[in-house]
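Please work through the exercises below with the sequence and the coordinates at hand, and try each task before reading its solution.

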Amino acid sequence: KRLGGGRFKLVSDPDPAAQHGKGGEERRTLRPGEHHPDRELVAAVLARLDAEQPTTALAALEVVAHELCCILDAAAWSLSLADPDLAGVRTVRGFESELDRGSGLRLVAPVDDERYLLADYPETALAVREGGAFTIEVDEPGHDPAEIAVLRDLGYQRMLAAATATPEGRYLLEIYGDHKSGSFCSALPTARVLTAYCAHTAWARG
């Protein structure tokens, strides 16, 4: 929606800790039989919140985004803020990536600050309006064709989206997966709960 076609971008992260949490924590990738993803995600998010004590909803939601990417081995994430009238959303944080099939590594760059109209994406519009969540797989039928077209254009295979209302406004969290990422479906309920929890807990702390 915001980033254009898939691009290779050799860009250094100005804050390397931002991708993996403060202190350069080692990436925690889910491996079959090793972890329970829901428990690992909740534990990781709560530990980060306790350590960092974020005082804004945006900062707390970044924690959820980072940890979801680690658990799901996701390719990219973005946080967007909805217009007061819910006509559109504007990207305010995030990273995109391009998978190098030769090396198996992802080339990462910060997302652009762009805006798109929610009327063009009904499934996303519903989630933003009602505080819902959903997942999309490009090869599964029944999803919004506009969403599928965007994922294909960006070179991603799947997406998890969760929205929540906060005193700062309505935020939309989107996690993107490529060929290296597994299914996002099992993480959806936990991601939805954590998104709502983080937004309001952070504001209370502030």
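**Exercise 1: a salt bridge and its surroundings**

At 36% relative accessibility, R93 counts as partly exposed, where buried means under 20% relative accessible area, exposed over 50% and partly exposed in between (1.4 Å probe, protein chains only). This is a predicted model, in which local features need pLDDT of at least 70 and side-chain atom pairs count only at pLDDT 80 or more, while totals for chains, interfaces and linings use all residues. Residues are numbered from 1 along each chain as its sequence is written, and side-chain values use heavy atoms, with hydrogens and water left out.

Task: determine which residue forms a salt bridge with R93, and where the two partners lie.

Solution. Begin with the criterion, a side-chain nitrogen of Lys or Arg within 4 Å of a carboxyl oxygen of Asp or Glu. R93 meets it with E62, the closest N and O atoms being 3.3 Å apart. Finally, E62 is buried, with a relative accessible area of 17%.

**Exercise 2: a salt bridge between strands**

Task: state whether R158 and E137 are buried or exposed, and which elements their salt bridge links.

Solution. The closest N and O atoms of R158 and E137 are 3.0 Å apart in this salt bridge. The pair links distant parts of the chain, with R158 in strand β6 (residues 158–166) and E137 in strand β5 (residues 133–137), 21 residues apart. As to accessibility, both R158 and E137 are buried.

**Exercise 3: aromatic geometry**

Task: classify the aromatic pair of W77 and F95 by its distance and angle.

Solution. Rings of Phe, Tyr and Trp (its six-membered ring) pair if their centres lie within 6.5 Å, and planes under 30 degrees apart count as stacked, over 60 as edge-to-face and the rest as tilted. The structure holds three such aromatic pairs. For W77 and F95, the values of 6.4 Å centre to centre and 55° between the planes give a tilted pair. W77 lies in strand β1 (residues 76–82) and F95 in strand β2 (residues 88–100), so the pair ties together parts that are 18 residues apart in sequence. W77 is buried at 4% relative accessible area, and F95 is buried at 11%.

How values were computed
Helix = DSSP H or I, 4+ residues; strand = E, 2+ residues; numbered from the N terminus.
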